[in-house]
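Trainee: I'm new to this one. Could you walk me through how to read it?

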Amino acid sequence: MRRFPRAIAVLVVLTTGLALTPGTPSSGAAIVRNPGIPRYVTRLSTGSQGRLWTGTHRIAFTNLDAAPLATIYLRLWSNGVLGCGAGSIQISNLKGGSIAATSQRCTAVEVTLDAPIAPGERAAISMDLAIAVPNENDRFGYHRGLALVGTALPTLAIHDQAGWHLDPFVNLGESFYSIVGSYRVALETPLALDTPTTGVLVDRTSAGVGRETRTYAARDVRDFVWAAGHLRTMSARSGGTRVVVSFQPQAVSDRTAAARLRDAVRSMQTFSAAFGSFPYPEMDVVLAGHATFGGMEYPTVIFTDTARLTISHELAHQWWYGIVGDDEYTEPWLDESFATWSQYLPFSPWRACKRYLFPGAGARITNDMGYWDAHRGEYGTIYGGGGCLLANLAHRFGLRRFNGILRAYAARHWLGVARTAKFKARIEGAAARWLPGLDMAAYWAEWRVD
């Protein structure tokens, strides 16, 4: 989520059924997403504010395709915030390959490997890395003593049946598309600087007077991010997961932080019960007391304002994007619509919505981020419209049964990548059993789902 709408405009009326025969679930060959099995090893150092980070970054990967791999692409996503001139993320001294070109506001870097990688073989590249967090109140920015370092580590772009995915950065929302991998990140910082991150702390050692190196590890995650500031923490447990709320005491009161911790635990428990148990040992909630961007989700960590539903929304993204991945540029509704509907589940489930009043003839729930970037006034469609669709399905199937459908859908794509066709097939299969009178072709057409 990026700028999550404060109010979702939906038209709710009574539900009715439509008649005919549901479609047949589709099947297809497995999609190869290459390079595969990524492992990222990073060492970075910073000063007292946590705004400038310098060090090294290594990426190992396997060629999963049937042909030799001679070229890869890196995504330096947060260069898109200010563009090439700002130099927010810079790589140099590349080993294992050479930079051939950059594109998409320096968010895409083409790397020619020193030697082609044979099918099934593993290789690695390494580089020096410098990250300069801009003076922005943003998911990648420094504001009033808090640095949010979102999507700053270079990650592998994906090649699949559609070719290389080099979509543009979209500041309105997200255009990320990645597979899960493992990270080991060592952050050398002043002792007083707190650094909630993706993953868990696995080691800490002295790095000289007043400094230490904290090493974090994460497995089966799509990205690694962190925050830096002078923070206070509170924690509680949700099943096997430690939920940690970090906040600046000058911006967020202890009472507010405690209330948001309770909301976070309740949300995690609800989503685990509904969609499948959260598979990670820690979940970090960073309360950005002055946030203007609403909230932003990353694997096992969120940056968020202090609104209950924003926190619930971002935590829902741990399932819809984090665990059940998607191509956020091409099919953003698969995470935003699902997180919007899910955010109400811990408090007052959204059980019914007859229809959505679309803001324009071209607005479709399944539009890509290119469309929404060009029609920003209609962007709420993938929140309110997609959420309304799911609420309509929850009404038709019944909430308990619909949660079961979503749980089976999540299990099928656990730590993988889902697609609209797969979700439609899951619903059509369920409708064939429980809603035999529902004409699914007409249903999808009514809701503008392609």
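Trainee: Which residues touch the most other members in the largest nonpolar core?

Mentor: A quick note before that: this is a predicted model, where local features need pLDDT of at least 70, side-chain atom pairs count only at pLDDT 80 or more, and totals for chains, interfaces and linings use all residues. Residues are numbered from 1 along each chain as its sequence is written, and side-chain values use heavy atoms, leaving out hydrogens and water.

Mentor: In soluble globular proteins, nonpolar side chains tend to be buried together. A nonpolar core is a set of buried Ala, Val, Leu, Ile, Met, Phe, Trp, Tyr and Cys residues joined through side-chain atoms within 4.5 Å, and buried means under 20% relative accessible area (1.4 Å probe, protein chains only). Here the largest core has 127 residues, and Leu74, Ile131, Trp320, Trp341 and Phe423 touch the most other members. Helix H5 (residues 381–397) gives the largest share, nine residues.

Trainee: How many aromatic pairs are there in the whole structure?

Mentor: Rings of Phe, Tyr and Trp (its six-membered ring) pair if their centres lie within 6.5 Å; planes under 30 degrees apart are stacked, over 60 edge-to-face, the rest tilted. A search finds 27 pairs. One of them joins Phe338 and Phe423 edge-to-face, 5.0 Å centre to centre with 75° between the planes. Phe338 lies in helix H3 and Phe423 in helix H7, 85 residues apart. Both are buried.

Trainee: Why is the pair Tyr371 and Trp372 edge-to-face?

Mentor: Because their planes are at 85°, with the ring centres 5.1 Å apart.

How values were computed: Buried means under 20% relative accessible area, exposed over 50%, partly exposed in between (1.4 Å probe, protein chains only). Helices (H or I, at least four residues) and strands (E, at least two) are DSSP runs, numbered from the N terminus.
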